[in-house]
Amino acid sequence: MLDRKIYQMYKEGCDVSVFLRDQQRWIEDAQIIGIEGDVVTIRYEMDEDYENSSWEEFVRLESIGAVSRKLACVPRGNTEINVSEDCPEAEQIYPRRQDQDK
């Protein structure tokens, strides 16, 4: 079942986090760029000591313990976070009625 999920994320082209069981580490904000047989190609970037580097790793399917995708993110810092009342009324799940506001 994990191989089907990996293939689905590969087709969607979304950013994923991959846990490598044999190395006991997570690769975050990666993209699955290829699947050939039981080998998965993963591309990701790292920032170390003011230097950006881009990596591609070839990983055996059996080495992958988990794959997850980010559902949402919240900006860091002093930013105003939008809440449901800030959405246009047409996009609200339960739009407020005019008579409730009075």
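The model is predicted: local features need pLDDT of at least 70, side-chain atom pairs count only at pLDDT 80 or more, and totals for chains, interfaces and linings use all residues. Residues are numbered from 1 along each chain as its sequence is written, and side-chain values use heavy atoms, with hydrogens and water left out.

**Aromatic pairs**

- The structure holds two aromatic pairs. Rings of Phe, Tyr and Trp (its six-membered ring) pair if their centres lie within 6.5 Å; planes under 30 degrees apart are stacked, over 60 edge-to-face, and the rest tilted.
- Tyr 7 and Tyr 10 form a tilted pair, 6.1 Å centre to centre with 50 degrees between the planes.
- Both tyrosines sit in helix H1 (residues 2-12), three residues apart, so about one helical turn separates Tyr 7 from Tyr 10. Helices (H or I, at least four residues) and strands (E, at least two) are DSSP runs, numbered from the N terminus.
- Tyr 7 is partly exposed at 44% relative accessibility; Tyr 10 is partly exposed at 27%. Buried means under 20% relative accessible area, exposed over 50%, partly exposed in between (1.4 Å probe, protein chains only).
- Phe 19 and Trp 26 form a tilted pair, 5.3 Å centre to centre with 50 degrees between the planes.
- Phe 19 is buried at 17%, whereas Trp 26 is partly exposed at 43%.

**Asp 29**

- Asp 29 lies in strand S2 (residues 25-36). Its relative accessible area is 47%, partly exposed.
- Beyond its neighbours within four places in sequence, Asp 29 contacts Val 16, Ser 17, Tyr 44 and Lys 70. Contact means heavy atoms within 4.5 Å.
- Asp 29 and Ser 17 are 12 residues apart along the chain, with 5.8 Å between their C-alpha atoms.
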